[in-house]
Amino acid sequence: MNKRVVITGLGVVSPNGTSVSEFNRSIKNGVSGIRHINELKELNFSCQIAGKPLYRKDYLNNYFNSIQLRGLNASGLEYGVIAGIDAWKNAGLSLNDKEDDPIWDAGVIFGTGILGVDKFRDAIYKVDEGKVRRLGSTTVIQTMASGISAFLGGMIGCGNITTTNSSACSTGTEAILMAYERIISGKVEIILAGSTSDSGPYVWGGFDAMRILPHKYNENPTEASRPMSASANGFVPGSGAGALVVESLESAQNRGATIYAEILGGHINSGGQRNGGSMTAPNSKAVQHCIQQAIINANIHSDDIDLINGHLTATTKDATEIMNWCEALNRRGKDFPSINSLKSLVGHCLAASGSIESVATVLQVYEDFAFGNINCEDLHPEIEALVDPTRIPTKTISKPINIAAKASFGFGDVNACVIFKKYS
């Protein structure tokens, strides 16, 4: 019999909150973290707004020692360490003493799309100037993709799997499912799972060049991210990190841990960039297959889903995503579950999106609410033809949430869907 798997810790660094309590208040109250970024204006970006976490630099003293802080210039590493350590401590777990053995039954699966872009820039200039010896001893750690999982694994003292996954926008959701699968196979008891994404023009510039970011809201940043809206005209770039402690139920019960939700199962697949799928567009057949297989793996019926936290990026593909949910669940109109998109409040946090949005989904399951979709008063007509508008709340509503589906659909035509359930 497979082990039951639960969530016992949460951590988040989001544009609208750098702690779980602040983040929870923000999503309940419709507080946006999207703001004007003057640096983007100075660099002639068309889209001069973004979702970027805010904290004072001395806040890092709570997470890094003086040696680790020396030459630190990797926002994604900062975000991931803060979210990861917060989640670990939130689960009632402590950092392993350096003199102890590793924790053989604990691991880290923490994803990213790219890490340390600003540090790379510093390194490139120094190397080009012939000053390679001035790079510093931490350059490699800050710029290798696995730096985030290695950093967290070392801080915690993990003795099991310590790795970084990367699947574009699906990265965070995939990391959670990778942790779930390793636990049910009996190979580990506890995994810190999550993902992170760097901030800044060197990350967001490519998307601005693709002309898929909104440029009409530079003076009204909080109105720019408009998932499911008829007036949506591109996703707002964002950044941050989300982290969840994924644990076997037996281990959690033995520790007397708080249990936020249970993971019933999920599925990961690819559309193979066939049948309309491409590097930037999902194959609808594969999206539907991913959702349906997640439901089968979780051993539930599509009618059991009370809430969907969608990918929903505020692009022309939003209506297609809703259609895919309708087809996969065979539910429409008033029979459709409540659905929301965190991107209306924080933008698209790229590789971090799946994990930050999973934290939001678990909070909704744990506290029985569905947060509102801001900027969605003008619902897209194609979506309105499929789903009753009452299923797309524009303000937070209280309602029982027993089962929630969280899905992410990433560049490269890759998909991930995880099913969370209220623990009982």
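**Chat about pockets, strands and helices**

Colleague: How much space lies in the second largest pocket?

Modeller: About 290 Å³. Keep in mind that this is a predicted model.

Colleague: Which residues lie nearest the centre of that second largest pocket?

Modeller: Lys52, Lys57, Ser75, Tyr79 and Asp118, out of 17 residues that line it. Helix 4, helix 5 (117-128) and helix 9 are the elements that give two or more residues to this lining.

Colleague: Which helix gives the most there?

Modeller: Helix 4, with 3 residues.

Colleague: And how does the lining of the second largest pocket divide by residue type?

Modeller: There are 7 nonpolar, 4 polar and 6 charged residues in it.

Colleague: OK, on to the largest pocket. What volume does it have?

Modeller: The largest pocket comes to about 740 Å³. It is lined by 38 residues, and the closest to its centre are Ile212, Phe235, Thr280, His348 and Phe411.

Colleague: Which elements each supply at least two residues of that lining?

Modeller: Helix 9 (201-209), helix 12 (318-329) and strand 13 (403-410) do. Helix 12 has the largest share of the lining, at 4 residues.

Colleague: What's the split into nonpolar, polar and charged for the largest pocket?

Modeller: For the largest pocket it's 20 nonpolar, 14 polar and 4 charged.

Colleague: Back to helix 12, then. How many of its residues are buried?

Modeller: 9 of 12, so helix 12 is largely enclosed by the rest of the structure. The buried residues are Asp318, Ala319, Glu321, Ile322, Asn324, Trp325, Cys326, Ala328 and Leu329.

Colleague: How far apart are the end C-alpha atoms of helix 12?

Modeller: They are 17 Å apart. At 1.5 Å a residue, the 12 residues should span 16 Å, so the two values agree.

Colleague: And helix 4, what span should its 16 residues have?

Modeller: Helix 4 (residues 75-90) should span 22 Å at 1.5 Å a residue, and its end C-alpha atoms are 22 Å apart, which agrees. Helix 4 is also mostly covered, with 13 of the 16 residues buried.

Colleague: What does the backbone do just after helix 4?

Modeller: Gly92 sits there and takes a positive phi of about 80°.

Colleague: Is Ala314 buried or exposed?

Modeller: Ala314 counts as buried because its relative accessibility is 0%. Leu350 is another non-glycine residue with a positive phi, about 55°. You'll find Leu350 in the loop between helix 13 (343-346) and helix 14 (353-367).

Colleague: Why does Leu350 count as buried?

Modeller: Because its relative accessibility is 10%, and the cut-off for buried is under 20%.

Colleague: Changing topic: what order do the strands take in the open sheet?

Modeller: The open sheet has 10 strands in the order 5-4-6-7-1-8-14-13-9-10, with mixed pairing. Strand 5 (162-163) and strand 10 (338-340) are the edge strands, and each pairs on one side only.

Colleague: How many bridges join strand 4 to strand 6, and how do these two run?

Modeller: Strand 4 (residues 106-112) and strand 6 are joined by 7 bridges and run parallel. Gly107 stands opposite Ile191 in strand 6.

Colleague: And strand 6 with strand 7, parallel or antiparallel?

Modeller: Antiparallel, with 8 bridges between strand 6 and strand 7 (residues 240-248). In strand 7, Glu247 is the bridge partner of Ile190, and Ala243 stands opposite Gly194.

Colleague: How many residues of strand 6 are buried?

Modeller: Strand 6 (residues 190-197) has 8 of its 8 residues buried. In a regular strand the side chains alternate between the two faces of the sheet. Both faces of strand 6 are covered, with Ile190, Leu192, Gly194 and Thr196 on one side and Ile191, Ala193, Ser195 and Ser197 on the other.

Colleague: Last one: what does UniProt list for residues 2-422?

Modeller: The unreviewed UniProt entry lists "domain: Ketosynthase family 3 (KS3)" for that span. In the model, residues 2-422 are 34% helix and 18% strand, and the end C-alpha atoms lie 18 Å apart.

Note on methods: Residues are numbered from 1 along each chain as its sequence is written. This is a predicted model: local features need pLDDT of at least 70, side-chain atom pairs count only at pLDDT 80 or more; totals for chains, interfaces and linings use all residues. Side-chain values use heavy atoms; hydrogens and water are left out. The expected span of a helix is 1.5 Å times one less than its number of residues. Buried means under 20% relative accessible area, exposed over 50%, partly exposed in between (1.4 Å probe, protein chains only). On a 1 Å grid over the protein atoms alone, a cavity is a set of points where a 1.4 Å probe fits but cannot get out, and a pocket is an open set with protein on both sides within 12 Å along at least five of seven lines; lining residues have an atom within 4 Å of a point. Grid points are joined across faces, edges and corners, and a volume is the space filled by probe spheres set on the points. Ala, Val, Leu, Ile, Met, Phe, Trp, Tyr, Cys and Pro count as nonpolar, Asp, Glu, Lys and Arg as charged, and the others, Gly among them, as polar. Two strands pair if DSSP finds at least two bridges between them. UniProt positions are given in the numbering used here, feature names are shortened, and annotations may be inferred rather than shown by experiment.
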